Amino acid sequence: MNLIKEKQLLIATLIYVLISGFVSIFTLPFSVINFIGPAAGIASAFTIIWGTVGLFSIIIGTIGLSLLLTSFNGVGIDLPVLLIAILAISLQSFSTKMLTHHLVRKQRWLRSLPELLRFMLIVGPLTAIFSAIAVVIIAMVNTPMSGASIGVIFMGGWVASLLSAVFFIPTALLFHGVQRLSLNKRAVIVCSSVLGLVAIILLYNFSQKSEQHQRIDNLENVVLSFKIQVDKVIEEATEYTHALTGFFKGSDYVSAKNFTTFSTHILHPNSSIRAFKWIPLIKDEERKIFEEIASTELGLPFVIREQLDTGQIIASATRASYLPVYYVYPHYNNKASLGINLLSQQDSKKTMEQALALNTAVASPPLTLVQDSHSNPAILVFNPVFDKPSLTPYRLSTANKPQSLTGYLLIIIQFDRIYNYFEGLEKLSDVKIEIQDITNNEAYSLYGNQMAGEGR
């Protein structure tokens with residue numbers, strides 16, 4: 001007797017794992033909610049025929065399937081989800097057995113058409129509700145769902161369980177116990193069930209492929225929107241760089257008022273550009289007179305400063321030369337950067353050296369501004385200005401050497417407006433966006449959370 005039970009348990013577990021694994025293979029990306037329904041339909045047949053053996057096959061098979069998925073593709077089933085799945089499948093299986101016991105006994109479900117319809121109603125639409133509810137619970141536990149999504153997920157789980165039960169349970173019962181139908185009739189029923197099951201599998205496969213194409217199209221649309229937005233920011237920064245460079249090169253001298261007036265006319269309010277800055281090259285012997293002129297020009301005490309590694313800002317130590325922030329627009333939220341010697345900041349210094357060597361605008365890696373926090377980085381675009389000594393009347397030396405550096409024009413691209421755009425993209429689609437800075441060997445997350453491969 002024990003040998004028979006062990007054989008039944010082995011057969012039930014193998015069939016359960018094979019069919020559930022088959023469903024998971026055709027479900028991309030993998031999700032446990034897609035095989036709870038089919039698994040419950042299969043388990044219901046085992047429970048009707050073998051009783052408690054079916055329960056053990058469910059537990060062993062679900063755990064075994066989770067281990068197999070983990071070992072093959074690294075995607076297992078979380079313990080809470082595993083318990084919910086086992087509970088739902090067990091409830092559906094034993095509910096089906098209890099509700100159909102009087103019909104299955106002596107194959108009463110085959111006596112008449114009304115009995116058959118009542119049997120199919122119980123094993124299909126009625127008990128499939130357990131799987132549908134479990135699928136919704138798991139979906140809500142994993143990710144927040146909207147009302148429309150909950151309805152779709154419920155119907156998907158319900159239909160999957162209904163179809164698997166309707167096609168599998170009658171076939172299993174016809175192969176078990178004393179048969180009241182002739183061999184030809186049994187063969188017709190079994191062939192019809194198999195053909196129906198094949199049709200359902202093909203439809204399911206087609207649905208999966210169609211869904212994947214929709215997901216790919218959605219992703220491509222988001223990527224295209226993403227690229228358009230980034231290109232727009234690059235084009236905008238390029239235009240502003242050319243405009244400011246032309247303004248400075250075409251002027252004998254640019255005062256703070258001239259700088260503000262010009263910047264006001266070209267910088268529109270919804271731009272991703274945070275600020276414009278003028279950074280002249282100052283020799284040490286010119287420092288005192290420059291600070292005096294700058295204080296008069298800006299109408300506030302002006303001192304060349306530097307930022308320590310601790311973040312503290314102090315008066316700059318004596319150096320051979322300085323590149324302090326002189327003009328800033330807009331002034332109201334960027335005045336904290338006035339007088340900061342960018343040569344004391346290694347990332348800015350490195351970018352300026354590259355711009356000087358290439359004689360073109362060069363963008364820095366994402367940096368934290370003096371006036372901002374680490375959560376709001378920005379990109380600094382430096383463009384060198386050569387051979388314009390008239391822009392720096394405080395220079396003591398009037399010698400004009402070819403390719404002599406006068407200073408830098410700085411355009412700051414702020415990320416917050418771009419992030420707002422990305423948030424809008426995420427709300428309109430199921431695509432999650434993550435942005436990382438890979439300037440250094442170690443990736444640094446700028447936006448979003450690290451992508452998780454679980455769920456849908």
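Q: What does Gln 436 count as, at 41% relative accessibility?
A: Gln 436 counts as partly exposed at that value, where buried means under 20% relative accessible area, exposed means over 50%, and partly exposed is in between, with a 1.4 Å probe and protein chains only. This is a predicted model, in which local features need pLDDT of at least 70 and side-chain atom pairs count only at pLDDT 80 or more, while totals for chains, interfaces and linings use all residues. Residues are numbered from 1 along each chain as its sequence is written, and side-chain values use heavy atoms, with hydrogens and water left out.

Q: And where does Gln 436 lie?
A: Gln 436 lies in strand S10, residues 435–437; strands (E, at least two residues) and helices (H or I, at least four) are DSSP runs numbered from the N terminus. Its C-alpha is 7.0 Å from that of Tyr 447, a residue eleven places apart from Gln 436 in sequence.

Q: Stepping back, how many helices and strands does the chain have?
A: The chain has twelve helices and eleven strands, and buried residues make up 43% of its 456 residues. Among contacts (heavy atoms within 4.5 Å) between residues at least 6 apart in sequence, 68% join residues at least 24 apart.

Q: Which residues touch the most other members of the largest nonpolar core?
A: Those are Phe 259 and Trp 278, in a core of 40 residues, a nonpolar core being a set of buried Ala, Val, Leu, Ile, Met, Phe, Trp, Tyr and Cys residues joined through side-chain atoms within 4.5 Å. Helix H8 (residues 183–249) gives the most to this core, with seven residues. A second, separate core has 35 residues, including Ile 36, Trp 50, Leu 103 and Ala 139.

Q: What about H9, which residues are buried there?
A: In helix H9 (residues 256–266), Ala 256, Phe 259 and Ser 263 are buried. They lie on the same side of H9 because they cover an arc of only 60° around the axis, the arc being that of the directions from the helix axis to the C-beta atoms. Lys 257 and His 265, on the other side of H9, are exposed.

Q: Changing topic, how many salt bridges does the structure hold?
A: The structure holds four, a salt bridge being a side-chain nitrogen of Lys or Arg within 4 Å of a carboxyl oxygen of Asp or Glu. One of them pairs the side chains of Glu 291 and Arg 287, at 3.1 Å from N to O. These two residues are four apart in helix H10, so about one helical turn separates them, and both are buried.

Q: What else is Glu 291 in contact with?
A: Leaving aside neighbours within four places in sequence, Glu 291 is in contact with Phe 302, Val 303 and Ile 304.

Q: And which residue does the side chain of Glu 306 meet in a salt bridge?
A: The side chain of Glu 306 meets that of Arg 319, with N and O 2.8 Å apart. This pair links distant parts of the chain, 13 residues apart, with Glu 306 in strand S3 (residues 305–307) and Arg 319 in the loop between strand S4 (313–315) and strand S5 (321–322). Glu 306 is buried, with a relative accessible area of 7%, whereas Arg 319 counts as partly exposed at 35%.

Q: On the backbone, which residues does a cis peptide bond join?
A: A cis peptide bond joins Tyr 329 and Pro 330, with omega about -5°, and Pro 330 lies in the loop between strand S6 (327–329) and helix H11 (346–358).

Q: What is the phi of Asn 359 near?
A: Phi of Asn 359 is near 55°, a positive value in a residue other than glycine. Asn 359 lies in the loop between H11 and strand S7 (362–363) and is partly exposed, with a relative accessible area of 41%. Asp 387 also has a positive phi, near 55°, and its place is in the loop between strand S8 (378–386) and strand S9 (405–414). Most residues other than glycine have a negative phi, and most peptide bonds are trans.
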